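Colleague: I have a model open and would like to know what stands behind the words used for it. Can we go through them one by one?

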Amino acid sequence: KRQDRLIERGITYVPDFIVNAGGVINIQEELHGSYSWERAAHALEGIGESVTKVLTRAAADDTTPVIAARRIAEDRIDAVGGLRLRRRPGEPTSPSN
């Protein structure tokens, strides 16, 4: 794998789906109607935080940043999925079609 070759050379690799988030943020601002550099810059700060979380998790789990990023994503999905288990009294247990 390419990432393995980068790691062997001492190059830190961060998954593209994290570092490319800046492009998505920019598009979101363009579609918003009134482009705000301040709003975009604030959202961009989250990318750095995500990179830090991924690299920290990779080191803690002794794995690659790609695997760490996927584990973080799976943890978030599991956390959100658990929210669906909470229902209001009288709410159906499954969605109706």
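This is a predicted model: local features need pLDDT of at least 70, side-chain atom pairs count only at pLDDT 80 or more; totals for chains, interfaces and linings use all residues.

Colleague: How much space lies in the largest pocket?

Modeller: About 310 Å³. Rolling a probe the size of a water molecule over the atoms shows where empty space is left.

Colleague: Which elements make up the protein chain, helices or strands?

Modeller: The protein chain has five helices and zero strands. Along the sequence the pattern reads α-α-α-α-α.

Colleague: What span is expected for helix H3, and what span does H3 reach?

Modeller: H3 covers residues 21-32, which is 12 residues. The expected span is 1.5 Å times one less than the number of residues. For H3 that comes to 16 Å, and the distance from its first C-alpha to its last is 16 Å, close to the expected value.

Colleague: Which residues of H3 are buried?

Modeller: Gly22, Ile25 and Glu29. Buried means under 20% relative accessible area, so each of these three falls under that cut-off.

Colleague: How do you know that the buried residues of H3 line one face?

Modeller: Down the axis of H3, the buried residues fall within an arc of 60°, so they sit on one face of the helix. An α-helix has 3.6 residues a turn, so residues three or four places apart point the same way. Helix H2 (16-19) and helix H4 (37-61) are among what covers the buried residues of H3. On the face turned away from the buried side, H3 carries the exposed residues Val24, Gln28, Glu30 and Leu31.

Colleague: Why is Asp62 called exposed?

Modeller: The relative accessible area of Asp62 is 72%. Exposed means over 50%, so Asp62 counts as exposed. Asp62 lies in the loop between H4 and helix H5 (65-83).

Colleague: What is the phi of Asp62?

Modeller: Near 50°, a positive value in a residue other than glycine. Gly33, which follows H3, also has a positive phi, near 110°.

Colleague: And how much of the protein chain counts as buried?

Modeller: Of its 97 residues, 20%. The protein chain exposes about 7900 Å², with carbon and sulfur atoms supplying 53% of that area.

Notes:
Residues are numbered from 1 along each chain as its sequence is written. Side-chain values use heavy atoms; hydrogens and water are left out. Helices (H or I, at least four residues) and strands (E, at least two) are DSSP runs, numbered from the N terminus. Buried means under 20% relative accessible area, exposed over 50%, partly exposed in between (1.4 Å probe, protein chains only). Accessible areas come from the Shrake-Rupley method with a 1.4 Å probe; for residues, only the protein chains shown count as cover. The arc is that of the directions from the helix axis to the C-beta atoms. Contact means heavy atoms within 4.5 Å. On a 1 Å grid over the protein atoms alone, a cavity is a set of points where a 1.4 Å probe fits but cannot get out, and a pocket is an open set with protein on both sides within 12 Å along at least five of seven lines; lining residues have an atom within 4 Å of a point. Grid points are joined across faces, edges and corners, and a volume is the space filled by probe spheres set on the points.
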